[in-house]
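Subject: Structure for your review, with findings

Dear colleague,

Please find below the structure that I am handing over to you. My account of the findings follows it.

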Amino acid sequence: MALKEIKCSSCGHVNPAGTQLCQSCGKLINEDYDKKKIKDVMRYDGSAVRSKVRSQTLYDKIWNFFTSIRNGVIIIALISIAAAIGTIFPQEYFIPVGADPEQHYQEHYGTLGYLYYQLGLHNLYSSWWFLILNGLLALSIIAASIDRGVPLFKTLYKQHVKKHDSFFKRQRLYSIQETTIEDDKVSSIVSKLKKMRYKVRTDGENYMFEKGRFSRWGPYINHSGLILILFGSMLRFFPGLYIDEIIYVSEGETVAIPTTENEFYIENNRFIVENYDQEEHDVFSDALMNAVVTQNFQTDVSIYRNLNQNVVGSRPDLEKVDDYSIQVNHPYRFDGYEIFQSSFDSSQLRSMTFFLEDADGEQVGDPFVVDLRTPDETYNITDDIVIDMRAYSPDFLEIADNGTLVSQTPVPRNPAFVFEVNEQGEDPERSFIRIMGSTPITDNNEYNIRFLEAEDQVASVLTLKKDLTMPFFAVGFVIFLFGLFIGSYINHRRIWIKNDTAFKLAAHTNKNYFGLKKELNKVLESEDIEQVEDKFVIEQTKKDK
Amino acid sequence: MKKGTRKVVRITTLVLITALIGVTLYFNLSSDTQIVEVGDDYIDFELETLDGDVVKVSDLLENQGVILNFWGTWCKPCREEMPDLNDLYNEFDREVEVIAVNVRESNQQINQFLSSLPEEMDFTIALDRERDVTRAYNIGPMPTTIAINQDGVVIKKQETQLSREDIVAFIEAAQE
Amino acid sequence: MDTQLVSLSGTLLYTAFVLLIIAIIPIAMSMKTEKKRAWNIGFTMVIVSFILMLGYIVFRWIGQGHAPVSNMYEFIVVFAIMIIGGLIITYFYFKTRTLALFTIPIVLLLIAYGSMFTREASPLIPALQSNWLFIHVFTVTFAYGILSMSAVAGLIYLLKVIEPKEKSKRAFALESLMAGIVVVISFIIMTVVMTGIVGYQDDYYYVDRQGNEQVAEYNLPALIVFRDAIPVEHVGENNYEPTEHMMTGVELPPVINSQSLNTVIWSFIVGLIVYGIVRLSIRQRIITLIKPLTRKVNLELMDEIGYRSVIIGFPLFALGGIFFAAIWAQIAWSRFWGWDPKETFAFITFMFYTIFLHLRLNRGYEGEKSAWLAILGFLLILFNLIAINLLVAGLHSYA
């Protein structure tokens with residue numbers, strides 16, 4: 001390809017190397033372009049887009065790879081396929097809290113699950129190769145935009161009104177008459193087009209009408225927005241900019257808020273769950289008969305600041321800072337953080353109440369309440385009778401070889417006890433109590449321990465978020481949408497008229513020739529001038545026949 | 001665009017983007033590692049013990065190396081390794097201090113477990129009820145055992161059950 | 001009063017549905033002639049039907065106290081209504097009649113499919129209690145409605161351009177699409193018959209992903225069940241007893257909704273059998289029967305409609321399906337983007353139409369290539385709507 005600049009033989013303007021249409025008069029000055037790739041020479045107004053005119057250093061070769069739309073499309077397709085793969089099995093942050101990923105995938109999804117885990121696909125969207133793909137996308141967007149945008153900008157802002165005769169026939173919409181038309185007809189056309197919001201420039205008998213030029217910048221604006229978004233997603237990996245933690249706090253408990261280095265604590269004062277009442281909502285009665293639907297759940301919290309932030313593990317000295325009710329859709333905000341109501345856990349028990357029953361089936365004394373988190377070891381039933389708790393397992397799994405109760409977790413989900421009834425003057429009686437069953441350990445037990453009721457321990461699951469990258473996403477996407485809308489909904493339309501030796505008219509738009517044709521023909525028809533036909537349509541119809 | 005400017009723009013863009021991708025990759029891959037690994041400094045803490053006292057690691061480190069053992073009564077390997085830990089702790093004349101950090105449980109549960117053991121445990125049992133220390137050390141699986149030498153550096157870390165040989169290795173490591 | 005409004009809305013929708021069926025007749029007749037009368041009657045019926053559908057939305061909204069977009073049934077119906085809306089807009093701009101002939105059956109199929117799901121008015125769970133619910137859903141369904149026009153235009157384009165007797169890959173692909181439509185029709189008819197008329201029901205007890213006990217109601221013999229499912233029968237209140245059912249015993253992990261997938265598998269089996277029968281009876285491809293309807297179509301116009309629908313619909317999809325959705329997700333779930341299956345497939349749809357536009361504008365992918373891409377895009381939308389909601393249980397699923 002020529003490295004030399006091209007001088008137009010018609011108007012004398014010197015064009016950059018590789019330009020197809022003269023920047024000044026629009027004459028075709030360079031036939032030596034890739035006709036397969038460039039179907040419409042007016043695509044970038046005939047400017048030299050193809051970087052093939054430049055010398056081929058390594059940087060140029062790399063650059064050219066990324067300016068190619070075909071390669072860009074391939075990168076987009078790869079990202080889409082990768083994203084789809086991440087939906088085959090749930091990602092790691094969707095599996096139950098606390099589960100071991102390696103076990104979970106194997107257990108639930110078998111060999112495929114095992115492979116999924118080993119390949120790291122369970123953390124696909126933050127994996128290094130997905131990251132690289134997106135980096136390549138960013139490079140592609142930047143390179144392609146600079147490569148096309150800069151020449152386009154230059155061309156559109158240096159437009160000349162007067163165009164070479166050959167320019168008109170080259171356009172998709174054109175009308176060439178044998179003779180000139182009357183001046184007042186021309187003025188009429190001018191004023192009609194002006195009413196259609198066209199801006200007009202004249203140069204003797206040459207006219208240029210243009211509107212919607214700014215829509216050409218749409219793609220470049222939306223690309224800038226995308227770069228901002230990609231930049232924001234990159235920042236996510238930088239330490240401190242993005243925090244996403246779970247706060248698990250039972251009713252009545254106070255826990256430290258993670259990542260604040262024990263500066264802030266949160267207390268769950270009360271947790272409320274409300275379900276839709278069938279009576280109040282008659283219209284939903286059919287649905288509510290079959291299922292319980294939660295109307296609202298919220299945590300009433302108090303936030304504290306710790307005045308004693310010394311060593312890890314030391315007792316905090318708490319000073320209340322705020323009270324708030326965190327509901328779904330209504331987070332609590334403080335110090336750049338947000339705390340959201342995520343879900344709740346009512347699978348734990350807080351306490352169980354039992355009572356002692358004698359051989360006749362009569363209750364003895366009052367019922368006694370066992371706190372399942374910090375249980376007492378002795379319960380006074382009457383003056384003579386005391387019940388001792390010999391063993392307790394919060395989440396009973398099995399009895400060990402040495403007779404002790406083995407627990408699955410430290411969480412009261414399935415409590416089991418060994419109680420010993422000590423009556424003055426009698427032998428101690430032992431029994432093994434669990435949910436749905438009591439088994440005597442000693443023989444000939446006179447007494448029975450019976451279950452009365454249990455109280456649920458509700459824990460609120462809150463999400464702690466700090467996202468300093470969000471402005472990048474928000475602003476980036478708004479810019480993207482702005483660019484997308486002006487680029488798609490508005491068209492850049494130009495009409496040239498030359499009325500020196502014969503009337504010539506041509507029109508160009510970057511999209512929607514159908515609409516431009518309609519608009520132009522309305523004006524031409526009213527002036528009794530032959531209407532324009534879409535050159536491409538004519539060619540296509542010929543091909544069909 | 002002039003030839004020179006074009007070259008500058010291209011090279012700058014390529015280099016800049018590559019650098020940014022590289023930095024991001026670095027952060028991505030390095031954040032996968034734990035907070036406290038072998039070679040890192042230990043994190044000091046202060047917890048109440050089962051006896052009612054208070055234990056602070058930095059105080060202990062003035063005189064000797066320290067082994068931290070994170071455990072729970074529901075964790076089978078923890079239960080199994082504890083008697084061995086106690087044996088060897090005594091056998092080595094308590095030259096290295098052992099702190100068994102219990103995660104989250106009530107005194108009742110701990111005492112219940114201890115009374116089922118054949119011998120009394122002589123080392124300190126620290127109570128991490130709020131899991132502050134567990135979180136600070138980013139403990140995942142249990143038992144996790146960490147050896148800290150007198151300089152406050154983490155010499156050894158193991159996230160599985162300790163055999164007698166393992167315990168010896170830990171004691172020796174804490175004395176480095 | 002509220003219950004009556006909801007019933008009224010149901011009646012309006014039903015009337016609109018029937019009206020659309022009837023409208024096919026005058027519209028089909030108008031294909032043969034240039035005269036306006038049959039067309040005007042037919043299209044007026046379409047417009048009236050659309051107004052009735054809007055009435056359905058309004059009355060159901062008032063009756064329920066929230067926009068009718070919160071479960072599968074409601075969502076699919078609104079989607080179908082938006083397609084009719086898209087059709088009306090496209091007609092007024094481009095004045096082409098054939099689009100209506102092809103769009104209406106698709107809309108009817110959609111509404112029929114949507115009606116398979118529970119239709120009860122149901123109150124909103126906390127995560128859905130926000131104005132963003134209807135802002136997001138209405139914008140995205142409107143975008144879908146417009147994007148769907150590109151698929152219909154593409155279908156018509158291909159039917160006109162491809163010769164039925166061709167031994168080419170593209171003819172095979174188009175015929176497969178027809179087979180697919182037969183499968184969908186079979187599915188709907190089969191579900192209506194088995195659930196409504198025959199009343200076939202086999203219950204299976206299983207434990208779901210969260211560890212909760214569930215009972216799955218199968219309306220067709222079980223080809224696949226949930227892992228460790230036990231066939232049971234309902235003996236009253238909340239009690240079930242183990243029993244025997246016709247089943248193959250093939251088990252799938254609970255992350256897949258085996259009951260829905262079972263229905264899908266049955267649809268394919270029956271659909272392909274029906275397709276086979278039709279093929280054997282008419283001794284040629286189904287597209288041979290449909291192609292004559294596209295005789296008078298202007299290919300460039302179809303291509304133009306295909307393109308314009310995307311250039312108009314895509315920004316709306318980005319706005320409603322991604323932007324509004326992200327805002328709402330941030331408010332409700334504290335993360336504006338979580339790569340859950342539904343969001344991921346919205347992303348993929350977004351990328352797909354990006355590829356569509358880039359290929360068209362920069363690589364000259366016009367005409368036939370564009371038509372295929374448009375149809376593919378629509379299938380992607382349907383996949384996102386149906387498969388993701390049903391087969392992958394998760395935060396975003398409705399059914």
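A disulfide is taken here to be a pair of cysteine sulfur atoms within 2.5 Å. By that rule, a search of the whole structure, which is a predicted model, returns one disulfide over all chains. The bond links Cys75(B) with Cys78(B), at an S to S distance of 1.9 Å. The angle about the S-S bond is 85°, and the link between Cys75(B) and Cys78(B) is right-handed.

Contacts between the chains

Two pairs of chains touch, and of these the pair A and C has the most contacts. Chain B and chain C are joined by no contact, and their closest C-alpha atoms are 18 Å apart.

Chains A and C

On the side of chain A, 64 residues take part in contacts with chain C, which contributes 61 residues of its own. The size of an interface is often expressed as the accessible area that is lost when the parts come together. For chain A and chain C the buried area is about 5,300 Å², and carbon and sulfur atoms account for 67% of it. Within chain A, the residues that lose the most area to chain C are Val283(A), Phe284(A) and Asn329(A); together they make up 12% of what that side buries.

How many salt bridges are counted between chain A and chain C? The count is zero. Polar contacts do occur across this interface: six residue pairs of chain A and chain C qualify, with both residues at pLDDT 80 or more. The element of chain A that gives the most to the side touching chain C is helix α9 (residues 470-489), with ten residues. By residue class, the side of chain A that touches chain C comprises 35 nonpolar, 14 polar and 15 charged residues.

Chains B and A

Here 38 residues of chain B are in contact with 52 residues of chain A. The two chains bury about 3,700 Å² between them, with 66% of that area coming from carbon and sulfur atoms. In chain B, the most area is lost to chain A by Arg10(B), Leu14(B) and Trp74(B), which together represent 18% of what that side buries.

Two salt bridges are counted between chain B and chain A. One of them pairs the side chains of Arg10(B) and Asp60(A), at 2.8 Å from N to O. Across the interface of chain B and chain A, seven residue pairs are in polar contact, both residues being at pLDDT 80 or more.

Four elements of chain B give two or more residues to the side that touches chain A: α1 (3-30), β1 (46-48), α4 (107-114) and α5 (132-136). The most comes from α1(B), with 16 residues. The side of chain B that touches chain A divides into 17 nonpolar, eight polar and 13 charged residues.

Annotated regions

In an unreviewed entry, UniProt gives the annotation "transmembrane region" to residues 71-89, 127-146, 220-238 and 470-490 of chain A. Residues 127-146 of chain A are 95% helix and 0% strand in the model, and the C-alpha atoms at the ends of the span are 29 Å apart. For residues 220-238 of chain A the figures are 84% helix and 0% strand, with end C-alpha atoms 28 Å apart.

For chain B, UniProt (unreviewed entry) lists residues 7-27 as "transmembrane region". This span of chain B is 100% helix and 0% strand, and its end C-alpha atoms lie 30 Å apart.

For chain C, the UniProt feature "domain: Cytochrome c assembly protein" (unreviewed entry) is placed at residues 81-195 and 272-396. Over residues 81-195 of chain C, the chain is 77% helix and 0% strand, with the end C-alpha atoms 25 Å apart.

Backbone points in chain B

Two residues of chain B may interest you for their backbone geometry. The peptide bond from Met142(B) to Pro143(B) is cis, with omega near 5°. Pro143(B) belongs to the loop between α5 and β6 (144-148) of chain B. Arg104(B), although not a glycine, has a positive phi of about 80°. Arg104(B) is placed in the loop between β4 (97-103) and α4 of chain B.

With kind regards

Technical notes. Residues numbered from 1 in each chain as written. Chains lettered and ligands numbered in written order. Predicted model: local features only at pLDDT ≥ 70, side-chain atom pairs only at ≥ 80, totals over all residues. Heavy atoms only, no water. Contact = heavy atoms within 4.5 Å. Buried area = accessible area lost by both parts, 1.4 Å probe. Salt bridge = Lys/Arg side-chain N within 4 Å of Asp/Glu carboxyl O. Polar contact = N/O pair within 3.5 Å; in protein donor to acceptor, adjacent residues only side chain to side chain. Nonpolar A, V, L, I, M, F, W, Y, C, P; charged D, E, K, R; others polar. UniProt positions renumbered as here; feature names shortened; annotations may be inferred.
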